[in-house]
Amino acid sequence: MKEPTADDIKTLIENFEGSQWKELSLQVGDFRIFLSRDPNCIVPGWLKESQPAGQHGGAPRGETGASQVTRSVGQPLQETVAAPAAAATEADIPAGAVAVRAPNLGIFYRAPKPGAPPYVAAGDQVEPDTEVCLIEVMKLFTPVTAGVRGEVVNICIEDGEMVEHGQALFHIKPKA
Amino acid sequence: MGISRLFIANRGEIAVRIIRAAKSLGIESVIGVSSADTGSLGARIADRCVVLGPPDAARSYLSEKLIVQAAVATGCDAIHPGYGFLSERPALALLCEEHDIAFVGPRPGTIEALGDKLSARKIAEAAGVPLVPGTTALASVEEACAAAATIGYPVVIKATAGGGGRGMFLADDAATLRKLFNKAAEEARNAFGNGSLYIERFVRSARHVEVQVFGDGEGKVIHFGERDCSVQRRYQKLIEEAPCTILPAEIRKQLHAAALKLTADLHYRNAGTVEFLYDIDRREFYFIEVNARIQVEHPVSELTSRRDIVAMQLLLAGGNPLALEQHDIVLHGHGLECRINAEDPANDFHPCPGRISRWDMPDGDFIRVDTFCERDTVVPPYYDSMIAKLIVYGNDRGEALERMMSALGRLRIDGIKTNIALQRFLVGHPDFAANAITTGWLERTGLPAYLSKHNSTRE
């Protein structure tokens, strides 16, 4: 059997997203893929042993952002960043935009529940009290509000990723 | 077997100490810090640093949920709580168990049982470990006098509902006890809404002596000898040493045995310290409490035993059996530690956070400095004021004192106020050299002497 093409993988991820499945593990010849909606999922042993090249640190990011594989024991750590994550992204803020920052460390969720449409998308208009995401700490989900009136121009974090205190989550272009 | 990635839920020098121990064992380290500590030494030497929350400890270092969430999300399989912060909160140990993360410390039930003063006293009593002789609630002044005759004067009258030194009266004899008893009851009623009193023997000349223990969690406990931490101000230790050289050999044996019995009964797991009050005049010791964690002053025991207690903690928490037997712990020489704090002794020990402009540490054999500071470090104002521990080893107490004096003389910190001059004064004081001090010595003698010298040299 031949290796799956990029289109095959894309279709697979789309099908997974459209499904009710929590996890998908697939092996075709030497090709293996693991998808999960749960950022705290148990990663299969083979993923721990073999690291795909160029994926040092952090979760491999799905194209669509809906499916993640979490960091787990055995995966290499990100290089220590002396400056906090918040500072590193400071330069990336588009001109005239402000950042909505994480109030504390936690898991970032764009939607109120798995499979539901996200709170906001790029281009959406928000009010200061518009809920834009959830931050989870030990099953406690705290909504984060935009804090400013304007247009969402950028979503900085993939759904289900860990964010640190002060990290930019969204970029918003304020409007009067 | 073993921890592969450790989460450090602490800051300051102990975070650095734990990361170094992890590195020595090939364990990856992830430190969780507040936004005030992102540039700290611990954050830089850890393999990874994550920012938990703002400087406010309640929203960072004191949130067990944030800590465990961070540990899970970064793929850690163990958490070391250090000392202070969450180290003795059963909630963190419990949350670790629920998430299959090894807690580097005792079981949550042990922490809970020892954390409650009454329950800890019951545990000590059941183990046959002596407590300060005293009574339960007394019905009358007659009952109090009868009890005091057995206990021996002086006694201290305390309110059963009291605490923190309030409503306490000292009685040197029966006449004073009679006179004070009703007054104390009256005051207790007014202050606590409950006039119930009890009495306890008052130890006039006491030393703070504590035993470092290490248990495998299955009933085997070994000790690393005792430490003397009698130089204290408001229950804050300033100088610690090992061993306590004034202890008669027979008492020392009993002290170690008492600490082992108490902790073995609990099937104590990991490192801990059993604290005692030693009555110098009566040559008796009484149980105070158990610190169910690693302590600030653990290095003096490491020097005299030549064992890395923090590495032992990580090995045990990683599932390795405790390979050492008591006879493997061979104590030799003398360890001495001075806490270097960013505070001004001349100004009621007011904390002095700020940027360190000069940081000259004494270099040499038999000197160890545990710290998170260096030149240009900013000591944040949010946390405790300890910035370094200067630790020396000598073949005996005299040699350790000499080395400490020499080391303190070469220690130079500018940019912030510190207690270095006070430490030099204390270590050089004849009472300290003669080891003729008590837990009240610093506040009654050492400090007033230092302040009068300090004020006169300034004029």
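**Exercise 1. In which order do the strands of the open, parallel sheet of 5 strands in chain B lie, and which stand at the edges?**

Start with the order: this open sheet of chain B reads β3-β2-β1-β4-β5, and its strands pair in parallel. Strands here are DSSP runs of E with at least two residues, helices are runs of H or I with at least four, and both are numbered from the N terminus. Two strands count as paired if DSSP finds at least two bridges between them.

Next, look at the ends. β3 (48-53) and β5 (102-103) of chain B each have a single partner strand, so one side of each lacks a neighbour in the sheet.

Now zoom in on one pair. Strand β4 (residues 78-80) of chain B runs parallel to β5(B), joined by 2 bridges. B:Ala78 has B:Ala102 in β5(B) as its bridge partner.

Helix α3 (residues 64-73) of chain B lies across β1 (5-8), β2 (28-34), β3 and β4 of chain B, at about 150° to β3(B). Such angles run from 0 to 180 degrees between N-to-C directions, with axes fitted as lines to C-alpha atoms, for helices over the stretch in contact.

A word on the model before you go on: it is predicted, so local features need pLDDT of at least 70 and side-chain atom pairs count only at pLDDT 80 or more, while totals for chains, interfaces and linings use all residues. Residues are numbered from 1 along each chain as its sequence is written, and chains are lettered from A and ligands numbered from 1 in the order in which they are written.

**Exercise 2. Which strands are the edges of the open sheet of 8 strands in chain B, and which helix packs on that sheet?**

First, trace the order: β13-β12-β9-β10-β11-β14-β21-β19 of chain B, with antiparallel pairing. The edges are β13 (284-291) and β19 (367-371) of chain B, each pairing on one side only. From one strand to the next, the twist averages 25°.

Then take the β13(B) end. β12 (residues 269-279) of chain B pairs with β13(B) over 7 bridges in the antiparallel sense. There, B:Asp279 stands opposite B:Glu284.

Last, find the helix. Helix α10 (residues 298-305) of chain B packs on the sheet, and among the strands it touches are β9 (206-216), β10 (221-233) and β14 (334-341) of chain B. Contact means that C-beta atoms, placed from the backbone, lie within 7 Å. The direction of α10 makes about 155° with that of β14(B).

**Exercise 3. Which residue in the turn of the β6(A)-β7(A) hairpin has a positive phi?**

Begin with the strands. 6 antiparallel bridges join β6 (residues 131-137) of chain A to β7 (residues 140-145) of chain A. One bridge pairs A:Glu136 with A:Phe141. On another pairing of β6(A), A:Glu136 stands opposite A:Ile107, which belongs to β4 (residues 106-109) of chain A.

Now the turn: 2 residues lie between β6(A) and β7(A), and A:Met138 has the positive phi, about 50°. A:Met138 is partly exposed, with 17 other C-beta atoms within 10 Å. The scale is buried at 20 or more such atoms within 10 Å, exposed at 12 or fewer and partly exposed in between, with C-beta atoms placed from the backbone.

Note on methods: Two residues are in contact if their C-beta atoms, placed from the backbone, lie within 7 Å.
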